[in-house]
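Hi everyone, and thanks for coming. Please have a look at the picture, and then I'll walk you through two spots in it.

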Amino acid sequence: MRYRVELVRVTAVCALALGGAFALWACGPFFPNWLLASDAYVLDAPTVWFAKEVEPFLPTGQPKQKAAPVDDPYLQTKQVALEDLRAALDKSGMPAARREELLGQYEALRDGVVSWGAALAGWREEAAWSDSPPPRPAFSPMAVPAGLPGELADYEKGAMAFHAERMDEARAAWEKLLARPAGERRYRTTWAAYMLGRSQVESDPAAAVKWFAKTRELAAEGFADPLGLAAASLGWEARAEMARGRHDVALKLYGEQTRTGDPRAVESLRRAARSALKNPEAARRVARSPEARPVVTAYVLSDWTRVDYDGPLDPGKARTWLAAVQAEKLTKVEHADQLAWAAYRAGDFAAADEWLKRAAADAPMARWIRAKLLMRDGKLAEAEALLAQAAPALAENPVGDEDSWLAYESGVQPAGRPRALGELGVVRLAQKEYAPALDALLRAGYWTDAAYVAERVLTVEELKAYVDKEWPRALRKTVDDESVDEGWDLVFAGLASPETEDISWRIRDLLGRRLVRAGRYAQAVPYLEGNGPTVEELEAAKKAGEDAARPAEQRAESLFEAACITRHHGLEIQGTELDPDWALHGGSYDVGSFVEVRTQPETHARLGATEDETKRAEKSRSEPYQRFHYRFRAADLAWEAASLLPDGSPEKARMLAVGGTWIKNRDPKAADRFYRALVRCCGQTDLGREAARVKWFPAVEDCAPPAPEGEEGP
């Protein structure tokens with residue numbers, strides 16, 4: 001996977017130069033995903049995002065419980081507790097002065113708990129990152145104010161003991177509270193039952209399960225639950241069930257918790273699935289459960305861990321899960337296509353084939369996995385047909401907003417329509433279906449791959465015919481010039497709909513630059529949008545310079561004007577999108593030869609370049625094939641202009657000095673002819689004498705403002 005390695009090398013240079021993770025992104029481009037660089041990118045199992053994949057398998061309908069939004073649980077508890085105490089005291093007939101005194105004492109008690117909670121949160125954060133964290137903050141029990149209503153006093157005594165980890169004392173206080181008549185415990189009944197469960201999650205999970213279920217019963221009976229403890233009890237009960245090894249039950253409970261609106265529930269599902277895979281018996285229990293099984297399958301399919309940066313996706317979790325499913329000897333299950341997908345991810349292609357036989361034949365994922373198996377067998381025509389059927393039925397944007405940045409950084413290509421369309425483009429290219437391949441890659445958002453096909457594989461006439469048919473005009477750009485790369489990166493990564501981005505502008509611009517390189521200026525103008533006038537100026541200058549009826553000095557002036565336009569606007573009007581100019585990255589990064597990568601047998605055993613593709617790519621490369629090739633074209637025009645002027649002319653000396661300066665850093669050998677001519681033909685000019693003195697090119701005023709100091713520019 002040489003191409004990816006080259007990108008790593010370029011990015012590493014930036015990191016070393018600037019230092020720091022943030023500086024890395026400021027230096028390097030946001031390299032897009034691509035598929036043509038290696039068969040492995042196509043044959044890899046597509047990944048998903050857990051929250052999206054698990055969604056169809058979660059309970060729906062009106063929840064019995066509703067989660068309360070929680071920011072700081074200790075502060076939230078304090079605020080509700082003060083409101084409850086004020087309401088209870090207002091009903092008690094207690095004198096106002098005493099009420100305020102008691103409220104102040106109680107607020108001080110709760111403030112102490114809030115402060116300890118903040119210290120505990122800070123300790124947990126530090127412990128998560130430190131190899132030697134400080135000791136856990138100790139809780140100093142505080143006296144419960146005398147005079148609190150009975151149930152509130154019982155609860156607070158239990159809470160103080162709980163925070164101090166004196167669990168027997170805590171449970172005794174809460175059990176005393178629950179022994180009170182129902183009319184005397186309207187405020188803290190659900191709290192006490194919930195905390196009785198919390199206090200036994202680790203020590204007696206079976207007892208904890210009962211108390212959490214009781215919490216929901218009590219809330220349903222009408223006891224106050226302003227903290228949403230009935231909803232929260234689902235998650236804690238699930239945790240207790242996991243402690244009992246009953247991950248199947250836990251996953252169902254976490255699923256119920258998602259229905260309450262608790263934003264933490266999906267992450268809890270993910271952790272429960274991960275935990276189940278670490279315990280063979282727990283994994284088998286989950287495999288037997290129709291409700292829990294698809295949750296773990298979704299987790300396995302959402303694992304984007306790679307063997308190494310450039311390696312395949314890690315098959316470990318998929319293999320563990322497949323072993324658990326196979327151990328249960330399941331033969332008839334729903335969502336067999338998901339299990340086929342997991343088996344493919346595990347690298348067990350025979351098992352994937354077996355599960356596909358049990359899946360609905362028209363299931364999009366079944367078609368996709370079948371197509372991948374066919375690709376591995378070299379049956380590309382059959383694979384193409386299945387991909388063409390599967391792609392339209394897949395999600396257009398399978399990534400949630402919260403996952404987009406992670407997807408981009410990790411190089412994950414989510415399983416959706418863009419990825420399947422991209423693979424369809426690769427298969428078409430391998431079968432020499434060039435225009436259809438371009439169309440699929442372009443609409444999928446794989447611009448790097450699409451640009452290769454458009455720039456190097458199709459002939460100019462084939463590309464023009466395709467563009468005129470499919471993209472007859474440039475759509476309105478949806479991002480401004482400064483953010484165009486950022487906007488397109490989302491498309492490249494498969495994270496945005498290509499239809500919402502300016503595909504038409506990009507492909508038409510690429511065609512326009514190809515036409516300019518071919519000398520077809522008038523035809524290029526309509527495709528180059530804002531750069532059209534520059535092309536017209538270039539064409540006019542070249543025509544005037546080539547007009548033998550004009551005086552030599554005027555012709556030289558016109559040709560030098562064409563040279564200056566070519567040098568300083570070359571990237572925009574004739575630069576190659578990929579190698580050697582890399583207009584894709586604004587000309588700032590050179591990441592090697594795409595054609596060379598396509599012909600590597602070790603990375604393209606099945607889907608590599610055909611002989612015809614290679615011949616086409618060789619024939620269509622830029623001339624000269626050098627980094628910033630248009631500089632060399634500009635230098636040739638400057639040489640041609642200078643040749644029209646008499647020896648010893650200061651203007652001839654300037655043209656030679658400028659033309660040679662353009663390429664001296666890229667190719668000193670090619671620039672040497674300019675230097676020698678400058679000294680030989682114009683040795684008596686100021687520039688000629690200075691060149692002889694410094695034995696290379698003298699400083700000379702260019703025909704355009706120079707690049708900032710330290711920057712060569714494209």
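Let me start with a term: contact means heavy atoms within 4.5 Å. Helices are DSSP runs of H or I with at least four residues, numbered from the N terminus. This is a predicted model, where local features need pLDDT of at least 70, side-chain atom pairs count only at pLDDT 80 or more, and totals for chains, interfaces and linings use all residues. Residues are numbered from 1 along each chain as its sequence is written, and side-chain values use heavy atoms, with hydrogens and water left out.

Now, which residues of H7 meet H8? Among them are Tyr155, Ala159 and Phe162 in H7, and their partners in H8 include Ala170, Trp174 and Leu177.

On to the cysteines. A disulfide is a covalent bond between the sulfur atoms of two cysteines; here the cut-off is a pair of sulfur atoms within 2.5 Å. How many does a search of the whole structure find? It finds 1, joining Cys564 to Cys703, with S to S at 2.1 Å. Cys564 sits in helix H30 and Cys703 in the segment after helix H36, 139 residues apart.

Definitions and conventions
Helices (H or I, at least four residues) and strands (E, at least two) are DSSP runs, numbered from the N terminus.
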